[in-house]
Amino acid sequence: MYTPVLISVYDRVDCLEACTNSLKANEEASKTDLYIAVDHASKNEDAKRIQNVIRFCKNIKGFNTVQIIEREKNLGPNRNMREARHRLLKEHVSLITLEDDNVVSPNFLHYMNGALSFYGKYENVVCVCGYNFPIEIPSEYKGDVYVWTGVNAYGVGWWREKLSETYWNYNNFMAFLHNAEMVSAFMNIAEHILPIAISGLSKGVIYADAVLSYNLFMNKKYQLYPTVSKVRNIGYDGKGMNCNVDGRYTSQIIDTGEKKISFDPYIQPDPGVYKKLYEFFRIDEKLKAEVYSFIESYKNSKANVKQSYCKNQRLNLGETNEKDIDNNHNESINKIYSPVTHSKGVSFVRNLEANGIIAEYQKYSIDVSKYFANLDKISIYECKKSGYRFFYPLCLEGDGEFYSQLQRFPWYYMDDKWEFEKGLELISPRDCILEIGCGAGAFLKKGKKLGFDMYGLEINKFQCERLWADGYRVLNKELIDIGDEFSEYFDVVCAFQVMEHISDVKRFIETSLKMLRKGGKLILSVPNHDSFMGLDDRNALDLPPHHMGMWGEKALIALEGIFKMRINSIHIEPLQSYHMDYYESLMNRRYSDVFNIAPNIIQYAKKYSERIKGFSILAEFMRG
């Protein structure tokens, strides 16, 4: 079974003819289904040339089948390719995409089908490219293929499952820009990518190659390349939309057709190849200075960043522009991924008015208007695989200033909580423990009194300084920054009332598990939306920018089917006395009627509080 090929084309029949003729020279062409997505004319003078393209397509021979996807309206080159690819990957487990100005070698299909078959189960290889840049591969590198985090679109092989899990938005881009080491590492691999990304963001556009390169880097995944290119781009003749005249590409020598290609089962990035790629894509000092200047301004104007980032979160699959923003819910839901699975299996729940949320926070004398800049409403979606409900856009997390305002309230950092005692019951005295989001250190102090080996992680520097002064080991870093340093270091990682604040749940859990020794415990406590608090839709502190999602028992249990861990136990907090006032006011508001239901409910709760589901739920997982 040969992987089908998709070509995207507008009006260049000469390029398309060269592309299809080169494909026909492949022995596998006669067994390959060919799809050609022909975009509609954007202006009247192009219509005749597009009709010539369609006539040419109808007469193409030499393939198993030829099917034309003819657009009824102009989509633009990116969206034309994206929508055709999205549709075809619903029908096929893999797909090869070509641009109309790509000319391929006689062994292109042999290489692409072989690579897709060989690396299909390799998690670190996300996509396969048939192109190689006009670089000189180091003589000491003997492989036929290499991997790189940078992405190129000239002849790409995709897997349905891997594409659905690939990030097409700038996830955690804010945290990335604040991490100088990460920025430097990314620039040292591919200097040209970040300028492209920033240029797009400043225009409200997400460029596909840039966003995918960014996410491959962040997730330590790669695109596979041949050492000898199987593709030449003839579009660098000045006639293409995005290509200048560049003889390095138009005259590039490609493979002559040798079919003996070895795929390395232990393939890893090669420093020598990376150095050659870095030199090829090196940018000038002026542009580099502009990049770092932009990053500093980006970091220093958080409200503007939020506004820009929210705007881009609404772009579809990272390949579109402002014209493609679709406010129709039935279409736009396909653009939203689950924070738990990073796939698009989500369902719409309801919308919330932004002004209403801002007003609720004003009751605490906290101004959150900057988080909702240019947003009339936000939405709640549910992850179909886990049942976790989350707020969208995914860029509403509170910053340090927001949490410094909350810590004014004495009830925000409580010394005694049900989940602290329950967590201590699940820990052995011999364990080495990390608490993520340790706050004022109440749990650390309890553990230290019992003689436990305790570490804390906290982004609030004020709290860290207080704990340092008392001799506690607390890291003032982001979770993602310590994953490698503490790989398989801890026996227990716990997070009490933290995960509901996280927009990227998948990254949070995967990093937490990475730091656990095999068989170690991950203890997670979150607000329980199966309890009375799930009835309260006016609680500001259960909304962004404080909470980014809503957990319950079903959603927590579902995590063991998504991540490499199994659930050991679930514990549900009973209604506590310090939550009784909140419980009473909520019952009186929800059940105020002539039948006097609320007082009866409250009386029962006071008498049998241990039978009432309380504020929190705690799950104990074992790393697989």
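**Figure 1. Surroundings of Val291 in the predicted model.** Val291 touches Met187, Leu194, Pro195 and Ile198, leaving aside residues up to four places away in sequence. Val291 is part of helix α12, which spans residues 285–300. Val291 counts as buried because its relative accessibility is 4%, and the cut-off for buried is under 20%.

**Figure 2. The largest nonpolar core.** This core has 96 residues, and those touching the most other members are Leu23, Phe133, Tyr146, Trp148, Phe176, Leu194 and Leu224. Helix α9 (residues 208–219) supplies the largest share of the core, 8 residues. A second, separate core holds 42 residues, including Phe390, Ile436, Met515 and Leu516.

**Figure 3. Contacts of Trp148.** Not counting residues up to four places away in sequence, Trp148 touches Phe133, Ile189, Ala190, His192, Tyr222, Gln223, Tyr225, Tyr274, Leu277 and Phe281. Trp148 and Phe133 are both among the core residues that touch the most other members.

**Figure 4. Packing of helices α22 and α23.** Helix α22 (residues 580–590) packs against helix α23 (residues 597–607) at an angle of about 160 degrees, and their axes are 9 Å apart. The two helices are therefore roughly antiparallel, the cut-off being over 145 degrees. Their crossing is right-handed. Helix α22 contributes Met580, Tyr583, Glu584, Met587 and Asn588 to the contact, while α23 contributes Ala598, Ile601, Ile602, Ala605 and Lys606. By class, 7 of these residues are nonpolar, 1 is polar and 2 are charged.

Conventions:
Residues are numbered from 1 along each chain as its sequence is written. This is a predicted model: local features need pLDDT of at least 70, side-chain atom pairs count only at pLDDT 80 or more; totals for chains, interfaces and linings use all residues. Side-chain values use heavy atoms; hydrogens and water are left out. A nonpolar core is a set of buried Ala, Val, Leu, Ile, Met, Phe, Trp, Tyr and Cys residues joined through side-chain atoms within 4.5 Å. Buried means under 20% relative accessible area, exposed over 50%, partly exposed in between (1.4 Å probe, protein chains only). Helices (H or I, at least four residues) and strands (E, at least two) are DSSP runs, numbered from the N terminus. Contact means heavy atoms within 4.5 Å. Axes are lines fitted to C-alpha atoms, for helices over the stretch in contact, and angles run from 0 to 180 degrees between N-to-C directions. Angles under 35 degrees count as roughly parallel, over 145 as roughly antiparallel, 65 to 115 as roughly perpendicular and the rest as oblique. A crossing is left-handed if the near helix is turned anticlockwise from the far one by less than a right angle, and right-handed if clockwise. Ala, Val, Leu, Ile, Met, Phe, Trp, Tyr, Cys and Pro count as nonpolar, Asp, Glu, Lys and Arg as charged, and the others, Gly among them, as polar.
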